[in-house]
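Subject: Structure handover

Hi,

Here is the structure we talked about. Please load it first, then read the notes below.

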Amino acid sequence: MGRLFVINLEGLVYSCKHCQTHFALTNDLISKSFHCKHGRAYLFDNVVNVTVGEKEHRVMMTGWHTVADIFCVSCGSLVGWKYEIAYEKSQKYKEGKFIIERFKVLGPDGGGYDVDEDEPMIGSDEE
């Protein structure tokens with residue numbers, strides 16, 4: 001296996017809750033209004049230090065999408081997905097953007113988030 005290159009971001013960052021590898025700056029956060037199977041999720045314009053898995057078609061609450069799971073480059077944890085294609089016109093803004101599940105990251109204050117099983121899944125974008 002080759003040498004691992006990790007980008008360290010400067011400023012307020014979201015990072016892996018397992019290994020603290022940086023994923024995104026708060027400036028790249030587009031929305032905190034997304035949901036997934038485990039609770040809230042955040043939409044980012046740009047993320048670093050992830051590997052992108054195989055593309056697959058998924059039916060989500062907002063329609064059909066082609067997505068690819070994303071994994072932490074350091075520890076391999078599944079942290080979210082990347083929108084490759086949105087088939088509904090109203091969802092095209094998601095293409096090329098990233099979802100990171102909130103309970104899988106540390107926030108800019110260094111705090112973690114727990115799975116909130118009582119939180120309603122209204123407006124969820126996960127199947």
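Leaving aside neighbours within four places in sequence, which residues is V6 in contact with? They are T21, N49, V73 and S74, where contact means heavy atoms within 4.5 Å. V6 is found in the segment before β1. With a relative accessible area of 33%, V6 is partly exposed. The scale runs as follows: buried is under 20% relative accessible area, exposed is over 50%, and partly exposed lies in between (1.4 Å probe, protein chains only).

Before the rest, the ground rules. This is a predicted model, in which local features need pLDDT of at least 70 and side-chain atom pairs count only at pLDDT 80 or more, while totals for chains, interfaces and linings use all residues. Residues are numbered from 1 along each chain as its sequence is written, and side-chain values use heavy atoms, with hydrogens and water left out.

Overall make-up

The protein chain has 0 helices and 9 strands. Both are DSSP runs numbered from the N terminus: helices are H or I with at least four residues, strands are E with at least two. Buried residues make up 43% of the 127 residues. Among contacts between residues at least 6 apart in sequence, 47% join residues at least 24 apart. The accessible surface comes to about 7,100 Å², and 50% of that belongs to carbon and sulfur atoms. Those areas come from the Shrake-Rupley method with a 1.4 Å probe; for residues, only the protein chains shown count as cover.

Strand pairing

Two strands pair if DSSP finds at least two bridges between them. β1 and β2 are joined by 3 bridges. Y14 stands opposite A24 in β2. Elsewhere, β3 (residues 29–36) and β4 pair antiparallel over 5 bridges. These two form a hairpin with 2 residues between them. S31 has L43 in β4 as its bridge partner.

Cores

A nonpolar core is a set of buried Ala, Val, Leu, Ile, Met, Phe, Trp, Tyr and Cys residues joined through side-chain atoms within 4.5 Å. The largest one has 14 residues, of which F23, F44, V47, V50, I70 and I100 touch the most other members. Two or more residues each come from β1 (13–16), β2 (22–25), β4 (39–44), β6 (63–72) and β8 (98–101). Another core, of 9 residues, lies apart from it and includes A41, V67, Y83 and I99. Not counting residues up to four places away in sequence, V50 touches F23, I70, F71, V73 and V79.

Cysteines and one arginine

The disulfide count is 0, with a disulfide taken as a pair of cysteine sulfur atoms within 2.5 Å. C19 is in no disulfide; the nearest cysteine sulfur, that of C72, is 3.5 Å away. Is C19 buried or partly exposed? It counts as partly exposed because its relative accessibility is 27%. C36 counts as buried, at 1%.

R58 is found in β5 (residues 50–60). R58 counts as buried because its relative accessibility is 8%. Its side chain makes a polar contact with the side chain of E56 (2.8 Å). A polar contact is a pair of N or O atoms within 3.5 Å; within protein, one must be able to donate a hydrogen and the other to accept it, and residues adjacent in sequence count only if both atoms are side-chain atoms.

Best wishes
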